[in-house]
Protein chains: 2
Amino acid sequence: MENVNFRTQILSGHLQNHRHATTTTISASPCVSYVPPEVSEQPFSFDVTSMRKLMDGHNLGDRDWLFNLMVQSELFNPRLRGGKVFVAPDYNHSMEQQREMTMKRIEYLVDRGVFKGWLTGKGPEAEMRKFALLEVTEIFDYALAIKIGVHFLLWGGAIQFFGTKRHHDKWLSATENYLIKGCFAMTELGHGSNVQGIETTATYEAKTGEFVINTPSESAQKYWIGAAANDATHAVIFAQLNIDGKNQGVHTFIAQIRDENGNICPNIRIADCGHKIGLNGVDNGRIWFDNLRIPRENILNSVADVSPSGKYLSAIKDPDQRFAAFLAPLTSGRVAIAVSAVYSVKISLVIAIRYALTRRAFSITANGPELLLLDYPSHQHRLLPLLAKTYAMSFAGNYLKLLYLKRSPQLMKTIHVVSSAFKAALTRHNLRTLQECREACGGQGMKTENRIGQLKCEYDAQPTFEGDNYVLMQQVCKALLAEYVEAKKRNKPFKEFGLEHMNRPSPVIPAQLISSTLRSTQFQNDIFCLRERDLLNRFAAEVSQYQAQGESKESAFIVSYQVAEDLGIAFSDRAILQSAVEAENNVTDASLKNILGLLRSLNVLVTLEEDAAFLRYGYLSTDNAAAVRKEVAKLCSEIRPQALALVSSFGIPDAFLSPIAFDWIAANSWSTVEN
Amino acid sequence: MENVNFRTQILSGHLQNHRHATTTTISASPCVSYVPPEVSEQPFSFDVTSMRKLMDGHNLGDRDWLFNLMVQSELFNPRLRGGKVFVAPDYNHSMEQQREMTMKRIEYLVDRGVFKGWLTGKGPEAEMRKFALLEVTEIFDYALAIKIGVHFLLWGGAIQFFGTKRHHDKWLSATENYLIKGCFAMTELGHGSNVQGIETTATYEAKTGEFVINTPSESAQKYWIGAAANDATHAVIFAQLNIDGKNQGVHTFIAQIRDENGNICPNIRIADCGHKIGLNGVDNGRIWFDNLRIPRENILNSVADVSPSGKYLSAIKDPDQRFAAFLAPLTSGRVAIAVSAVYSVKISLVIAIRYALTRRAFSITANGPELLLLDYPSHQHRLLPLLAKTYAMSFAGNYLKLLYLKRSPQLMKTIHVVSSAFKAALTRHNLRTLQECREACGGQGMKTENRIGQLKCEYDAQPTFEGDNYVLMQQVCKALLAEYVEAKKRNKPFKEFGLEHMNRPSPVIPAQLISSTLRSTQFQNDIFCLRERDLLNRFAAEVSQYQAQGESKESAFIVSYQVAEDLGIAFSDRAILQSAVEAENNVTDASLKNILGLLRSLNVLVTLEEDAAFLRYGYLSTDNAAAVRKEVAKLCSEIRPQALALVSSFGIPDAFLSPIAFDWIAANSWSTVEN
């Protein structure tokens, strides 16, 4: 169409239904001036310091000490924006520069004694301090935390768990002081989740008393090995142990891979994994071994050993169980990942909610002021349920750490199942919340300096590393099924994984749900338990039906994925709720209890609203589903006045937030532009 | 707990239930060798060239020509990996380097005549060629496409739509030849979605015959202006037109902002928006105006004009309608964004599905080969419904382009509603699919060279730019409500937005859905129409109920957000399905028709499975929901053998994919490492 014609048509089209033109005099918009939410919002209805104590749970002084250490150093890249100082890595740096800065920051933290006792400290206090400080490093930068985590939890953890005195004496203190730098060479190009399938071999040679490590194919190259590309001097190597031509399965070995000058050792080749969409502060690398010889003493021999003459010695006869024992350090890694996901969520929620309390858009009355974003019910519904879930998951993270501390052979299975489920649930919640918060901040969410968008990149590895979430959830379902079969076959009560509720009669959901019921812990527990119990029954029935049709157990399992996925979610939701309810029950202060109750209700009810399973399997009637929806909107509006207090309770120092969380007009003013 | 104790306990714990140890001899894993899917998969059941024609729709020769132009130039950063050449920007470059490369690439494309006719060409052929070539540039790099889009669709579009002959003569050809570089200064720090609230002023001064442009406050600084930070020489400025102290509302003006040497013009200050999580190849900037004087001729005067003496002239008397006319170029931007989202999805699906056809994990039989990822039903369920949706949305994109080409005053409202809904739906699908594909590729999805992860960053602006998706969907709902009120009040038939089905009796869903019904177009249309109709009824009822309680219309609208959100989805799903059905109906080849039918069914049924609204509002009984779920799994397994053919039909040249889409073992081999 010709442009002129088109224009004429627009004009005449509009002319057909014009109304009287209005003109207004020009005035500075009253909407656009920054008022700190501390001024515009209601006074807090509860004590945020007490709430922070509840959330952080432990080592508050240590946390604040480390926050301060970081803010004080130029290495943490402080920048003045809108009258406030913010610290964060410069993500406009190349991968090489980011890696260099990560290592410099670690050296600074070493000098300040941050890592003291991380491997040589004894007892739960030392472990809790380690967790707390690691959490603080990740609030600054996840790459920094991952690099530290690889060194301490994976490399250090492998020495602790798989090594014996000779290894502990030689490596633990040296690791803690960063005299050596460790990496964890497990994953290969061809095998990630399926660790048992790795191809690297360690062949024992009795005449020399050495293991000979080899990379038999390109797919056997070690891959994604954090710190391997640049810095690591030592590696824990996962390899198939070969003695006299027999494969004894996956075992772990120590080898030096770089000398004190940083040169790669003979018989080792290393390459870079290259640029990633996040975590470029971590130097992930690839390793090939060419007849690398290591002394017999370098097998980590707490689980199994080889005698000088080449006799294989293991107290664990079952190779599958032996293999499972080698995955222990991954559990502490998974615990740390789950908890880190919660802190990442917290950062994004503080920023998005503070911004929504100062940013206005559109007015709904003629000539009235524009509305604050958080006064839109739809915006409340975007952010506040995520806030409620984050509270629950924060308690779940604390529960998980304490469970991990209590680890014992009897608890190993429970810890594996709970840490797997929570890692999957919390990291999923993290990415979802980051995306929602980034979008809730509009274009400002795209700016790296505003953190949320960059957190998405840095945390994107979470759903697939240290156990792919799908694989982890399958393992959870398998464990639940095994417990189910055990209980039903032997007619014994359920006693693992919190399934004790299955020993009681099935809960009954009232035909007509009213507000007070919807908000009661009883109902909330009941409906989550009902869903879990029914789905476990369905899953067991479906798997056994496929088996009856001649399918193998494995095959029956993979075709029952739909109900398995629902079940995995049901299990983690119920377990997370349980930990939140426990935390709430331990609170005596009425004002804290009150708000925690609202958050618990919102967390549960929004789950009922979102997860189609409740309607699909009939746990909720359509009438009750409608009642749930109304209550969700109501809870959002009740929690709205406490939103600022709730994010203030997260205890993230201002410097670790971003300009849009404060006076974003001043932060963007011409006077701040460097010319 | 002491470590030694712990270890002993693990050992003894395991000892309690050991079984006989098995040992196997070491052998190279048979699972890890690369077999091209073209070899391992079944022959294609349909002609992929014909399918590509159907999907790309138009200008296939032009597309291939431009693909080739890019592959041939070193500027597009070709790298050899695993025996194949791939092109993609180097994202390890700083923001500054990425911007420089974008501009160099544009200069290369200018020299090759790519942009010939983009603004001076006449008729639908020229427009379709422009769309096609823009789509090809974004397959290489979205930042490149955005930078081009700002110059041609926003700056160029503003001149075309708002300007008259004097502007066309002066700027269009110069723009097409890049003798000048344009930007589009609409958004401000304080006002993004709410354009009518912008604060920049243009005051007419009759004695000099000039407009004086000012930035009255920090929140009025122009923000996010693509190309402003470095390159733009000219700007379309959105400002409140002030004549004799009266505000005539938002109008558009042209100003030169940089001279021919790239120096910023007097009375203008420019600053950078800084590093972003994606699109760093675009130099987004901020602009302040300090009594900038421009001649009267520089008002873009097709909608309204000012006489030399200062008389305001507009054929459109209603300021709201006048304002709406100024947003026209955003419509073409939205059309381009919606279509680009589909191409981004296609890239990610080709890569993730090809990888899933060559990557194995875990075996389900003792000593059997590991399973291909895409042979896991759960993996099929992750990817194939997204593939089916992408086919539907591809047809929707084609429909949208054709609708846009037919633009006329009568169609303006429809185009606005459909482009808003499709922009929101398609960009949401894009980000969701990218995330799923990135995770489906495991760690490889994190590598920038594998594209999917980086696409997430580059496309992350989509849900919030050129109309925030939430705001767009609200506008869709408002338009549907207005049509509803119009039809009901005046008792006239529905005739806009595809709502004609509301004139017919409500469809009846069979009590027991069987496979053949579930797969019928009739049923699929019926249930989508039923949902849309019922939600529109509910929405109208809820809004009017709130109004009856004394709420204003605007206020009633914002509290009815829950059903509005459901309605927006219902509308776009139905409209997308309709465009897919039309495309399918036009196909005569039986093999194409067959696979398109399967994809249509999977698209609809997975929507029924995922959107809780079908159960919540009772469109599906729980029995029928169970039947739907079974059918989804069945459809996935039926489509699985055609997965390779379906992604091959997308017509993305190999060089624009990534190493994991091909021989990823060779691409990672030691021989490819640069030493």
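Biologist: Is Tyr34(A) buried or exposed?
Modeller: Residues are numbered from 1 along each chain as its sequence is written, chains are lettered from A and ligands numbered from 1 in the order in which they are written, and side-chain values use heavy atoms, with hydrogens and water left out. Buried means under 20% relative accessible area, exposed over 50%, and partly exposed in between, with a 1.4 Å probe and protein chains only. Tyr34(A) has 18% relative accessibility, so Tyr34(A) counts as buried.

Biologist: Where is Tyr34(A) found in chain A?
Modeller: Helices (H or I, at least four residues) and strands (E, at least two) are DSSP runs, numbered from the N terminus. Contact means heavy atoms within 4.5 Å; leaving aside neighbours within four places in sequence, Tyr34(A) is in contact with residues including Arg354(A), Thr358(A) and Trp664(A). Its place is the loop between helix 1 (3-15) and helix 2 (37-40) of chain A.

Biologist: What is the mean pLDDT of chain A?
Modeller: In chain A, 95% of the residues reach 70 or more, and the mean pLDDT is 94.  Over residues 1-28 of chain A, by contrast, the pLDDT is below 50, although this stretch has 47 contacts in the model beyond near neighbours in sequence. Where pLDDT is low, the predicted coordinates should not be read in detail. For the chain as a whole, the mean remains 94.

Biologist: How many disulfides does the structure hold over all chains?
Modeller: A disulfide is a pair of cysteine sulfur atoms within 2.5 Å. For Cys273(B), buried at 3% relative accessibility, the nearest cysteine sulfur is that of Cys183(B), 11 Å away. Cys477(B) is buried at 2%, and its sulfur is 16 Å from the closest cysteine sulfur, in Cys529(B), so the two are too far for a bond. Over all chains the number is zero.

Biologist: At what angle do helix 4 and helix 6 of chain B pack?
Modeller: Axes are lines fitted to C-alpha atoms, for helices over the stretch in contact, and angles run from 0 to 180 degrees between N-to-C directions. Helix 4 (residues 60-72) and helix 6 (residues 123-140) of chain B have their axes 9 Å apart. Among the residues making the contact are Trp65(B) and Phe67(B) of helix 4 and Leu133(B) and Phe140(B) of helix 6. The angle is about 35 degrees.

Biologist: Is Asn367(B) buried or exposed?
Modeller: Asn367(B) is found in the loop between strand 14 (360-361) and strand 15 (371-372) of chain B. Its phi is near 60 degrees, a positive value in a residue other than glycine. Most residues other than glycine have a negative phi, and most peptide bonds are trans. The relative accessible area of Asn367(B) is 79%, so the residue is exposed.

Biologist: What is phi of Asn491(B) near?
Modeller: Asn491(B) is found in the loop between helix 14 (469-489) and helix 15 (515-518) of chain B. At 71% relative accessibility, Asn491(B) counts as exposed. Its phi is positive, in a residue other than glycine, and is near 55 degrees.

Biologist: What is the relative accessible area of Asp573(A)?
Modeller: Asp573(A) is found in helix 18 (residues 561-585) of chain A. Not counting residues up to four places away in sequence, Asp573(A) touches Phe528(A), Arg531(A) and Thr607(A). Asp573(A) is buried, and its relative accessible area is 17%.

Conventions: This is a predicted model: local features need pLDDT of at least 70, side-chain atom pairs count only at pLDDT 80 or more; totals for chains, interfaces and linings use all residues. pLDDT is the predictor's confidence in each residue, from 0 to 100.
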